[in-house]
Amino acid sequence: MTEALKPTLANKAAVLEGMPDHPAVKALEAWNSAALVEARFDFGELTLTIAPDQIRAAAAAVQAAGYNFFEDMTAVDWYPSAPRFQVSYHILSHAFKERIRLRVLLDEVDPSVESITAVWAGANYYEREVFDLFGIRFEGHPNLRRIMLPDEWKGHPLRKDYPVEGYR
Amino acid sequence: MTNPAGMPTLEPAQGAKDQHMVINMGPQHPATHGVLRLVLEIDGEIIVRIYPEIGYLHTGIEKTCEAKFYQQVVPLTDRINYLDPLSNNLCYALAVEKLLGLEIPAKGQWLRVVLAELSRLNSHLIWLGTHAMDIGALTVFLYTFREREDILRLFEAVAGQRMMTSYIRIGGVSMEPPLDFFSRVQAFISSLPEKIDEYANLLTGNPIFRNRLKGVGYLSSADAIALGVTGPPLRASGVDIDLRRDMPYSGYQNFEFKVPTSTDGDCWARYEVRLVEMRESVKIIQQALDGMPEGAVKADAPKIVLPDREKMKTQMEALIHHFKIITEGFEVPAGEVYQGIEAGHGQTGYYVVSDGTSKPYRVHMRYPSFATLQSLEVMCKGRMLADLVAVIGSIDIVLGEIDR
């Protein structure tokens with residue numbers, strides 16, 4: 001509860017000033033400061049926005065910094081605003097007993113991002129699920145097929161412009 | 001012959017094409033604990049590769065959530081992991097309460113702990129019964145379902161429903177438990193340890209059960225972490241992590257309990273870890289009953305928590321709030337939160353994104369079985385086909401939470 005009561009740090013400068021000793025922030029700053037596009041601390045949770053072409057290296061950097069456990073990954077569709085897609089990764093540290101959120105923002109046209117299966121093999125099913133339900137491709141994924149829906153399914157149901165009623 | 005669309009294409013290793021056989025297991029198979037389909041490539045009786053095919057139970061719950069008010073999502077969460085319903089409710093409620101900044105009174109939190117632990121016991125009892133049945137020990141199933149019936153009666157007493165409870169709501173629990181509830185829980189947990197001894201007597205010394213589980217389905221701690229395995233399988237592989245102790249929620253920091261671990265990493269270790277976990281759950285419930293605080297079970301937030309029926313019928317204010325919550329819902333501040341809890345099967349997490357309206361913009365559920373299923377191939381590769389059944393039982397998957 002005490003974590004959640006900490007004040008919001010709304011942008012990267014505030015996060016860098018407010019929590020300079022945070023292991024994930026420190027590791028990403030040391031790795032590639034330009035690829036850490038934005039940061040936010042809200043509801044007791046740290047969100048770090050990474051440049052889309054750098055996510056695999058960023059994942060490897062936080063993994064080396066002690067965030068050893070890939071917990072969850074999903075996408076959010078911000079249709080009709082741009083950039084349209086947000087891919088969120090939740091990474092847990094068994095040592096610090098703490099979680100961070102990495103995210104990348106993707107454009108509407110041909111959304112694709114690097115796969116992090118080379119860093120955490122457990123991301124395999126999660127990336128297939130996001131591919132299936134959002135239509136975001138993951139470069140370098142070993143087996144990028146639909147996972148929930150039949151292979152011949154048309155469309156990606158969790159997109160906001162997918163019709164929720166009527167005939168397909 | 002060409003494969004019909006949707007069939008996974010199997011490419012056996014070069015040069016060994018005529019020795020390997022591809023067989024299908026499931027989706028209608030008693031040992032897959034639901035509608036799991038496994039396409040197996042085997043060399044004689046040795047498993048070469050496993051291709052799990054999931055999605056037979058996919059209902060699009062995440063999409064449905066986006067069309068509901070926040071409080072209307074609670075009943076949907078029950079249906080995901082139907083063996084551990086109250087943990088689902090708890091995780092979702094905690095996530096939305098984090099967005100709202102809502103504090104739950106102590107009694108509400110402790111009551112949630114009692115119910116979450118009963119729910120964990122429910123989940124472990126079903127696991128033990130079905131796992132033993134898969135191995136051939138049919139009797140244990142009848143024993144564990146006897147105790148499970150008692151738990152379902154307790155759920156029915158508080159929620160009026162045996163399986164789809166929806167008892168834990170945003171802002172607390174739906175209502176005060178009935179007067180004799182705590183004495184009934186006390187009677188149940190007083191008798192449970194000797195019932196667990198009874199299961200252990202049937203299984204732990206049983207040479208068939210031992211030989212089927214010992215050294216079978218080995219999972220190293222490095223593989224377990226890489227593949228996202230959580231819960232009892234992770235602890236049985238030697239990783240000492242339990243969110244109840246390490247990142248406490250809902251007042252778990254007030255309870256003392258041991259987190260069992262093992263370094264063996266096989267099916268037997270998972271069996272032993274879960275058995276100890278059941279005994280620890282009993283201790284947590286006992287502590288909660290002994291120290292149950294006085295006070296309200298719901299937060300004092302009239303615009304979010306539904307008023308009691310009595311007040312709704314007699315007070316104008318309460319009637320207005322009731323009407324507003326039912327017809328318009330309540331607005332939740334914009335933002336995104338992730339809440340993880342330790343459920344019976346492992347780490348459950350809810351990722352809720354709000355855009356400031358009364359309907360969630362996006363709800364994503366992280367369920368442990370989805371990640372744990374990925375480890376099946378690692379555990380079974382190069383082993384006998386018959387071991388597969390033991391391994392599926394020992395990782396305790398629920399297809400409702402894999403497919404969602």
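Two strands are said to pair if DSSP finds at least two bridges between them; helices (H or I, at least four residues) and strands (E, at least two) are DSSP runs, numbered from the N terminus. The model is predicted: local features need pLDDT of at least 70, side-chain atom pairs count only at pLDDT 80 or more, and totals for chains, interfaces and linings use all residues. Residues are numbered from 1 along each chain as its sequence is written, while chains are lettered from A and ligands numbered from 1 in the order in which they are written.

In chain B, three strands form an open antiparallel sheet in the order E6-E7-E8. Its edges are strand E6 (335–342) and strand E8 (362–366) of chain B, each of which pairs on one side only. E6(B) is joined to strand E7 (residues 347–354) of chain B by eight bridges in the antiparallel sense; within this chain, B:Gly340 has B:Gly349 in E7(B) as its bridge partner.

Chain A contains four helices and seven strands, which follow one another from the N terminus as α-α-β-β-α-β-β-β-β-α-β. Its radius of gyration, taken over C-alpha atoms, is 17 Å, close to the 15 Å that the globule rule (2.2 Å times the number of residues to the power 0.38) gives for 168 residues, so chain A is as compact as a globular protein of that length. The C-alpha atoms of chain A fill a box of roughly 55 × 30 × 30 Å along the principal axes.
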